[in-house]
Structure formats: C-alpha cells, structure tokens
Amino acid sequence: MRARRTVSGILLAMMATAAAGQQQGAPPQTASMPTGGQTSTAGGRQLTLQEAEAIAFRNNPQITVGKLQALEAREFVRETRSALLPQANLSVTGVTSNPGTRISAGYLTNPTVFPRAAAGASVSQLITDFGRTQNLLSSSEFAAKAADQNAMATKQQIVLAADEAFYNTLDTKALLHVADETVKERQLRVDQVQALTNAKLKSELDLSFVKVDLARAKLLLLDAQNNYDASLSTLSAVLGYPDRQDLAAIEPADEIQPPAPDAVPLIQQALQQRPEVQSLADEVSAATKFSKAEHDLWWPTVNALGVVGLAPVRDDHVSNWYGAVGVNINIPVFNGFLFNARAKTADLETEVKRKRLQDLEDNVARDVRNSWLETGKAYERLSVTKQLREQASLALELAEARYRLGLGTIVEYSQADLQDTDAHYQYFLSQIVLAYEMGVSR
C-alpha cells in the first residue's frame, strides 16, 4: 500500500499543476515530449491478473521454499516414529589377543578376551517409555501441520504481492497517460503563445509563464515514467523473473460488490481460516506435546533385546554359536537436574508460543477491521469519483469553449476519468487485501 500512496501523491501533484495551467489558460495541442523511458504504455506482452498469479505460483522461489520446508517437517515425523519400530543390526567381529588376556583397567568387570571371528545379528524393540516417544511423535506431527500452514500462508502472501504489483502497474500506467496528455497540452500552449509573442500580441512574461508550466509537466512526466518502470520491475520480481519484463497489464473485468455490513463475522472467519493463526496454533500444540515428553524423561524405559550369531573361528573356550534374549529396564535416578531443566525450558517455550498466538489473533482482528474500514471508504469513494467523472463529461463542451478563451486545460476530463479509474483500482485492491486478512484463498 505504500507504493499506492506514492502514486496518489504524484497524482495530487499532477492535479495541482493542471490547476495552475487552468489559471494560465491552455487550449488543446498535439505536440509531445519524448518520454525517454524504457517502457511504452502500449507495448509489451499482455498479462491478465489470473495469469500473473499463476506465473507467481510457478516461478516465485518463496513458494518452492515453503513446499520444501513442509516436506522437511514430514521427514522429521518419520524420524521420530522410527523409535517405535524394531531396530536390527548385523555385526561382524574379529579379535586376536594374547592367551589369557583380561581387560584389567577402566571397568569394574574383568572379562576374558578370546581370539575369535564371528558374525551375528541383534534386534531391539521399545516396549514402553510411558508415552514419551508418542508425545514426541505427536509434537512432530503438529510441527509438520504448522509447516503446511506456513506454506499456504506463503502462497497467499505471494498472491497478494502479485495483485498489488499488478494494480500498481495499472495505476501508474493511467497516471503516465495523463502526464503525457498534460505535456502535449502544455507544449501546444507554448507554441501558441510563442506565435502570439512573435506577433507582438503577447509579452515575453506570458511566454515565460507557459514555459514554466511546460517544464513542470515534463518533470511530472519523468516521475510518472519512472514510477511506471519501477512498477514493472516490482511486478517482474514478484512473478519470479530475474530481469524486468515488458508486460502490459490488462484491467480485470470484475464486478463491483458492496462490502460486508459488519466486521465481526469477518474477524471470526479470519481467526478460523488464516493460515498464520492455524500454523501458530499447531506450534502451540507441538510445544505442549514436547513439554509432556520432556516431563516423561523421568519414567523408566523398557526395551526387549535379542542376539544370535556364529563364531566359525574361535578359541576352544568359545562356543560355535551364540543366542540370547532379554529385557532391559532403564530407570533414571539423578543426572545433575538435567531433566528438570529440560522440562522447565519446554514449559516456558510453550507459554511463549501461547502468548504469541494471542498476540497474533489480536493483530489479525485489528488488520481485518482496518481492511474492512478501508474497503468501505474505497466503496464510498467510487460514488464520489463517478459523480466527478459525470460532471466532467457534462462540462466537456463548456471546457472546449474555455480552451478557446484560454481559461481551461485539455486534461480536466482526463483527470476526472483517471480519478474514477484509480478509485476502481483502490476498491478492488482493498477487497483483495481484506480477503487476504481473512485467509480466503483465491
């Protein structure tokens, strides 16, 4: 919206210059100053709003980043779930030692080391850890859902950016047209006053005034051309092109619908559908599950173990095969308050995410209400600018007489038409912003 405010400021400056020209008097003319810009308002590849959104979906790298992050989060779910499945390993061991060798340092036991070569397999299966792994799995699943919602939010942000850049291009294009018409009118006025000055019917002071008006109009034309080129650069970047494309935006033929009478249902819909809200809610659920898992660290862990193998090369004291099954129970007793700190950290992180969710919901409600107010203002502006355009059309015949008398400018009607067009752009864009704030996908 900041770019649109800049365009509106230039538009006001253009109208102020036209008003100054009305005081000087300016009949129609045909001469024009070369724009000097790289883009022509009539040239370029035609582009509709739907095509712009489709190209942005296909080319913008942020869309791909969101998808990759969602896929990455799903792999974390598989990684966590693996702890619930059996773990199997194959082992091959070869040992040579001095006869009667024992490991005598570093352990409380003194196992005898026999020369051998053996191969075998081992299998372990988690029986229970009293819900810790299940909570970790649930946490990763909620995190994956949050990543999916973030990818959806990225898509909606790209659509909004593409729509804003598209309408900004239409807006600056219309402004450039009025600026060009203003320069033509000023140039013709200069030519006429120059002829009258040569015929001693006008003074040099009058000629200086109209030349100043022409210089101002040329400066505004340069600003309008630069803003149009900048809007094309922004649109190209949003569409994922590394270089500026020569695009000709086609104005959508959307029907104007009145805004909603009340913002409360829109706020409720936004809190239910906005992907950022759903993503942070999933993050809160993930943090809650992770906090429970950290508290479960104090519970015992029960695992079933099984091994089997052969020892074709062995000492006489070693059997040619081995096999065993067993159950291992690990009960934590004391670890320097590590588990307490981890559980407290998880609790605090969960509370942080809850507060962030509350803050986001408050901001979403504010943004939806502000967008609803902006849409209502833009809708009211439509009727005012429509009346302005109608009055300018009715006054066109009078303006032609004023041109001949040197009391008006040719851009009076063009500016009224531009005001009407700009009001349409602002209303359509305000509807798009409101839909984005509500989390409605286009």
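Colleague: Where do I start with a predicted model? What is the mean pLDDT of the protein?

Modeller: Start with confidence. The mean pLDDT is 83. Of the residues, 81% reach 70 or more.

Colleague: Which elements have the lowest and the highest mean pLDDT?

Modeller: Helix 1, residues 2–24, has the lowest mean, 40. Helix 7, residues 275–295, has the highest, 96.

Colleague: Over which residues does pLDDT stay under 50?

Modeller: First the general idea. Where pLDDT is low, the predicted coordinates should not be read in detail. Now the case here. One such stretch is residues 1–42, where pLDDT stays under 50. The model has 110 contacts beyond four places in sequence for that stretch. Residues 407–411 also stay under 50. For them the model has 25 contacts beyond four places in sequence.

Colleague: Now the helices. How do I describe a packed pair?

Modeller: Two packed helices are described by the angle between their axes and the distance between the axes. Take helix 4, residues 132–198, and helix 5, residues 204–238. Their axes lie 7 Å apart, at an angle of about 160°. An angle over 145 degrees counts as roughly antiparallel, so helix 4 is roughly antiparallel to helix 5.

Colleague: Is the crossing of helix 4 and helix 5 left-handed or right-handed? And which residue classes make up the contact?

Modeller: Helix 4 passes helix 5 in a left-handed crossing. The residues of their contact are 22 nonpolar, eleven polar and nine charged.

Colleague: How does helix 4 meet helix 7?

Modeller: Use the angle and the distance again. The two axes come within 8 Å and cross at roughly 165°. Helix 4 and helix 7 are therefore roughly antiparallel. Their crossing is left-handed. The contact holds ten nonpolar, ten polar and eight charged residues.

Colleague: What about helix 3 and helix 4?

Modeller: Helix 3 covers residues 61–81. It packs with helix 4 at about 170°, axes 8 Å apart. That makes helix 3 roughly antiparallel to helix 4. Twelve nonpolar, seven polar and six charged residues form this contact.

Colleague: Back to helix 5. How far does helix 5 reach from its first C-alpha to its last?

Modeller: Compare the reach with the expected span. Helix 5 has 35 residues and reaches 51 Å. That is close to the 51 Å expected at 1.5 Å a residue.

Colleague: Which residue with positive phi follows helix 5?

Modeller: G240 follows helix 5, with a phi near 90°.

Terms used
Residues numbered from 1 in each chain as written. Predicted model: local features only at pLDDT ≥ 70, side-chain atom pairs only at ≥ 80, totals over all residues. Heavy atoms only, no water. Axes fitted to C-alpha atoms, helices over the stretch in contact; angles between N-to-C directions. Helix = DSSP H or I, 4+ residues; strand = E, 2+ residues; numbered from the N terminus. Parallel < 35°, antiparallel > 145°, perpendicular 65-115°, else oblique. Left-handed = near helix turned anticlockwise from the far one by under 90°. Nonpolar A, V, L, I, M, F, W, Y, C, P; charged D, E, K, R; others polar. pLDDT = per-residue confidence, 0-100. Contact = heavy atoms within 4.5 Å. Expected span 1.5 Å × (residues − 1).
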